Amino acid sequence: MARASRAVVALRGYFQGIHLVLRQPQGSLTPAFLPFGLSDTSPDEGLVEDLMVDDKAVEQLAEGLLSHYLPDLQRSKQALQELTQNQVVLLDTLEQEISKFKECHSMLDINALFTEAKHYHAKLVNIRKEMLMLHEKTSKLKKRALKLQQKRQKEELEREQQREKEFEREKQLTAKPAKRT
């Protein structure tokens, strides 16, 4: 209501200026009495303070002007409010869509991580197979080395025994002086 009364006061001033212009005889309009925008001077300059203006006419003109433009202004205001609400809804929807895109992007990252994990798992399985194979080979090599060592020791022992036998045989074959009796 305060806006309406301020509008009435502003319009009253405007219509007083128009009323003064209309009361002047034709051809006697000076720049001081021209309506707003028709001269470079302020509309308040040169107004005569003691001119009588019909307050009822000014009020009726203001109300008429308000009744003419106010419905359009209210519809415009309502349309702007609807647009603002729609804009808020659109912004919320846009934020939701952005978050969905971020989730999809993070899902792609997760899929890439799973693919990479599969790749490294396959590598680990291969390494494990290789380690088991190497363990088997080393076990076989240890057994073979042990067998070879035992065989060498046996051969060495046999050679030693053979030498001793040969030494004994040579000892027996060597001539012994006969004992005189």
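What share of the contacts in the chain with a separation of 6 or more comes from residues 24 or more positions apart? Keep that in mind as you go through these points, and remember that this is a predicted model.

1. Let's settle the opening question. Residues 24 or more positions apart account for 61% of the contacts in the chain that have a separation of 6 or more.

2. Now the overall layout. The chain has two helices and zero strands.

3. How much of the chain is buried? Of the 181 residues, buried ones make up 5%. The chain exposes about 16,800 Å², and carbon and sulfur atoms supply 59% of that area.

4. Have a look for the positive charge. Lys137, Lys140, Lys143 and Lys147 gather in a surface patch of positive charge.

5. Tyr69, Leu70 and Leu73 form it, and together they have about 300 Å² of accessible area. Leu70 belongs to helix 2. With a relative accessible area of 37%, Leu70 is partly exposed.

6. On to the salt bridges. How many does a search of the whole structure find? The count is five. The next points go through some of these pairs.

7. Start with Asp72 and Arg75. They form a salt bridge, and their closest N and O atoms are 2.0 Å apart. Why are they about one helical turn apart? Because Asp72 and Arg75 are three residues apart in helix 2. Asp72 itself is partly exposed, at 37% relative accessible area.

8. Next, find Glu156 and Arg159. Their side chains meet in a salt bridge, at 3.2 Å from N to O. Both residues lie in helix 2, three residues apart, which is about one turn of the helix.

9. Glu155, Glu156 and Arg159 are linked in a network of salt bridges.

10. Last pair: Arg163 and Glu160. The salt bridge between their side chains is 3.4 Å, N to O. Arg163 is partly exposed, with a relative accessible area of 48%. Glu160 also counts as partly exposed, at 35% relative accessibility.

Notes:
Residues numbered from 1 in each chain as written. Predicted model: local features only at pLDDT ≥ 70, side-chain atom pairs only at ≥ 80, totals over all residues. Heavy atoms only, no water. Patch = residues over 30% accessible without salt bridge, like charges linked within 9 Å, V, L, I, M, F, W, Y side chains within 5 Å. Areas by Shrake-Rupley, 256 points an atom, 1.4 Å probe, with all protein chains shown as cover. Salt bridge = Lys/Arg side-chain N within 4 Å of Asp/Glu carboxyl O. Lys, Arg positive; Asp, Glu negative; His and termini not counted. Charge placed at Lys NZ, Arg CZ, Asp CG, Glu CD. Helix = DSSP H or I, 4+ residues; strand = E, 2+ residues; numbered from the N terminus. Buried < 20%, exposed > 50% of the residue type's maximum accessible area, 1.4 Å probe, protein only. Contact = heavy atoms within 4.5 Å.
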